[in-house]
Amino acid sequence: MIKITFPDGSVREYEKGVDGQKIAESISPRLAQEVLACSVNGETVELNRPINEDASVKLLKFEDEEGKHAFWHTSAHLMAEALQELFPGTQFGIGPAIENGFYYDVVMPQGTTLTDADFPKIEKKMQELVQRKEPLVRKEISKQDAINFFAERGQTFKNELIQDLQDGNITTYTQGNFTDLCKGPHLMTTEKIKAIKIMSLAAAYWRGDATKSTMTRLYGITFPKKKMLDEYLAKLEEAKKRDHRKIGKEMELFFFSEKVGKGLPMWLPKGTAIRITLQDFLRKIQKRYGYQEVMTPHIGGKQLYVTSGHYAHYGKDSFQPINTPEENEEYMLKPMNCPHHCEIYAWQPRSYKDLPLRIAEFGTVYRYEQSGELHGLTRVRSFTQDDAHIFCRPDQVKGEFLRVMDIINIIFKALDFKEFEAQISLRDPNDKEKYIGSDEVWEKAEQAIIEACQEKGLNAKVEYGEAAFYGPKLDFMIKDAIGRKWQLGTIQVDYNLPERFNLEYTGADNEKHRPVMIHRAPFGSMERFIAVLIEHTAGHFPLWLIPDQVAVLPISDKFNDYAYKVSKYLNDNNVRAIVDDRSEKIGRKVRDNELKRIPYMLIVGEKEVNDNTVSVRKQGVGDQGTMNFEDFANKINEEVRQMTEKF
């Protein structure tokens, strides 16, 4: 008998060789129907994989990320099987599960081009294959046999992948007439795939290398119930309405210019106003928490990034070095702010009494992203980080973590991000060689993060092996108004850069010591954060943040002077107001300003002029009656005060 420990700590005994499916059946018939895969000692495996020794087991359903991964990974194989039947001679690259669904990179047979018109027949073929209830059969295979197998079928991309694999560690999965090179995990059978949708196609390079073959990347998504697919497609429609690129254009926030360059956003006055307001908001908080703001150049000598390790790490993703007229002098557009901040720390001797030193910068950095990877503000080549670096003693790490968590919590509350998750990323205990720093400092840093989360009552998920090579970290994933997850805030502990830059402080013992460096960016980048905020709010920013709080709408041109009088009074009293003096009907003005998401509209005509009042209309609510415009200004300022007093 072997002992199986479940996530709740309970233990049951089973016969040696029991599998996840039998364990599920022993608990309940319903669970046996819903379970898709299982985690055995942290490794996700098929439900029919035998368990031969004591183990910790978690049964995975579709709501579990690992369960979705197995479901969508299997669906990628199902789609490939359908392509093989519909288009014999198709060559297959890779077909992974992704955050939402899966894709497969393929090269179609000569003379065949895959288009959107093919989607229905691919879906139909996949449904037909599901009806066969084909089991997925895992097989361990030698390297030479794998090479021979795929060579016979003309699958040159698979053979290229095999060359990088070690003999004795190669597996294939077969369902029906389709066999794929794969390490899994998968469902036991395709029969649980009930709802199928082919989403889109795109061009892709083999292994992401622009010098290699161009492939067709076919995206799809599947669910165990049709209702789940319907809900997903409805969410996609809502996401289209909230697309930050569309709303950014409607609200006149930003644009991209081909002449300026791809991935280089141009911020218009209203978008700039949002950025400045957010930056001032964070500056106010940082000042309260003891940060000092600095400014560093947009470029740095190449050797700076060689020293930091960023040249080795980001070299391919950075813009090429800039050569000057002086021989052998090279500069780079900075890919990170960290090395500059290390130099600021090092410019004068530091004592233990000087620590922690907290320096912050809204620093613009540059990374070369391939054209196909660019996407609005969420993937750009130039972005501004709300970067800060804390240099502290090892015994101060936990306290500084708590303070940064406070800042992130203030930001999330102020911007109405009510749901978020946190992940603690720690070292892989079985592969410590890939990390720098002693076991002692790692244990202290990891324990500091864990204790900080416990003190804040933050139920953070722990992931082993996800730490950066220089230290553990804490990442925050927010859930937006339609349930999508976005990674925003991050806090990282770094022993690497202080070592590389030989940073020191004199301790109380009068000896030299190495500081610990904490990286933190609550927004992440201004560009991405604003994109997420636009999509979360659908452009309906909080009143304190929206660039135009009020639009004054004269019913006709003869009331323009009064409209400007109202607008001037509002602006003089800290209410951001504009006048829409176009010679348009009032209904058109109202619709246009609603499209711009302006929270309040003040309609003025003959009655309002005579009574020295304004007719108030609120976005999404409608008419609010008439009032004196001085009282209206007080009302807006009070609303803003109540919103902002909590932070």
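Good morning, colleagues. Please bear in mind that the structure is a predicted model.

I begin with the cis peptide bonds. Gly184 and Pro185 are joined by one, with omega at about 0°. Pro185 lies in the loop that connects β11 (178-181) to β12 (195-205). A cis bond also leads from Leu355 to Pro356, and omega there is near 5°. Pro356 belongs to the loop between α12 (338-346) and β20 (357-366).

Next, backbone phi angles. Asn41 is not a glycine, yet its phi is positive, at about 55°. Asn41 sits in the loop between β3 (37-40) and β4 (43-45). Asp416, likewise not a glycine, has a positive phi of about 65°. The loop that holds Asp416 runs between α13 (397-414) and β22 (419-426). With a relative accessible area of 41%, Asp416 is partly exposed.

I now turn to helix α20. This helix comprises 16 residues, 629-644, and spans 23 Å from its first C-alpha to its last, close to the 22 Å expected at 1.5 Å a residue. At its start, the backbone nitrogen of Glu630 has a side-chain oxygen of Asn628 within 2.7 Å.

Which residues of α20 are buried? They are Phe629, Phe632, Ala633, Ile636, Val640 and Thr644. Viewed down the axis of α20, these buried residues fall within an arc of 105°, so they line one face of the helix. Their packing partners are the strands β29 (550-554), β31 (600-604), β32 (613-618) and β33 (622-628), together with helix α17 (560-572).

Thank you for your attention.

Conventions:
Residues numbered from 1 in each chain as written. Predicted model: local features only at pLDDT ≥ 70, side-chain atom pairs only at ≥ 80, totals over all residues. Heavy atoms only, no water. Helix = DSSP H or I, 4+ residues; strand = E, 2+ residues; numbered from the N terminus. Buried < 20%, exposed > 50% of the residue type's maximum accessible area, 1.4 Å probe, protein only. Expected span 1.5 Å × (residues − 1). Arc of directions from axis to C-beta. Contact = heavy atoms within 4.5 Å. Polar contact = N/O pair within 3.5 Å; in protein donor to acceptor, adjacent residues only side chain to side chain.
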